[in-house]
Amino acid sequence: MASDAAPPPQGETGSTPAQPTTEQFIAVQESAEFGELRHTYRSFAFPLTVAFIIWYLLYVLLSNYAGGFMGTKVYGNINVALVFGLAQFATTFLIAWLYSRHAAAKLDPKAEAIKSRMESRTEAGG
């Protein structure tokens, strides 16, 4: 996408914020606070991921090996397979919604605190 704006002037150092050094990134990564953030993320994401994969594989396996059960009519022309298939979509949206709430409540505040601290150290020069 083209822009009519002029490119930034060359040689201007004040236009971009200072970037943390590799050592600063490593120090943050090894901190207890970052470890807690990582643990909070993993303790939510991994169990839900495993549960969803099991749920999906159950659907696939039942579709392949339990055709009679999956073909059982629930209401009119709606059978168990269709209900399970639609439940896959519902489960996907439910997990996304739950993750969004979890991230907003638990992950984002911790990540923002780490980011703010790191930016203030960078601006202060160390």
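## Aromatic pairs

Y99 has a relative accessible area of 33%, so this tyrosine is partly exposed. The model is a predicted one. Y41 is also partly exposed, at 37% relative accessibility.

There are four aromatic pairs. One of them joins Y41 and Y99: ring centres lie 6.3 Å apart and the planes meet at 85°. That angle is over 60 degrees, so the pair is edge-to-face. Y41 sits in helix α2 (residues 32-65) and Y99 in helix α4, so the pair ties together parts 58 residues apart in sequence. Ring pairs also bring in F44, making a cluster of Y41, F44 and Y99.

## The F69 and F84 pair

F69 and F84 have ring centres 6.3 Å apart and planes at 70°, so this pair is edge-to-face. F69 belongs to helix α3 (residues 67-70) and F84 to helix α4, so the pair links parts 15 residues apart in sequence.

How exposed or buried is F84? At 19% relative accessibility it counts as buried, because the cut-off is under 20%. F69 is partly exposed, with a relative accessible area of 44%.

## Nonpolar cores

The largest nonpolar core has six residues: V28, L37, A103, L107, I114 and M118. Helix α4 (residues 80-124) gives the most to this core, with four residues. A second, separate core has five residues, including L62, A66, M70 and V80.

L107 belongs to the largest core. Beyond its neighbours within four places in sequence, L107 is in contact with L37, T40, Y41, Y99 and H102. Y41 and Y99 are thus named both among the contacts of L107 and in the edge-to-face pair.

Notes. Residues numbered from 1 in each chain as written. Predicted model: local features only at pLDDT ≥ 70, side-chain atom pairs only at ≥ 80, totals over all residues. Heavy atoms only, no water. Core = buried A, V, L, I, M, F, W, Y, C linked by side-chain atoms within 4.5 Å. Buried < 20%, exposed > 50% of the residue type's maximum accessible area, 1.4 Å probe, protein only. Helix = DSSP H or I, 4+ residues; strand = E, 2+ residues; numbered from the N terminus. Contact = heavy atoms within 4.5 Å. Phe/Tyr/Trp six-rings, centres within 6.5 Å; stacked < 30°, edge-to-face > 60°.
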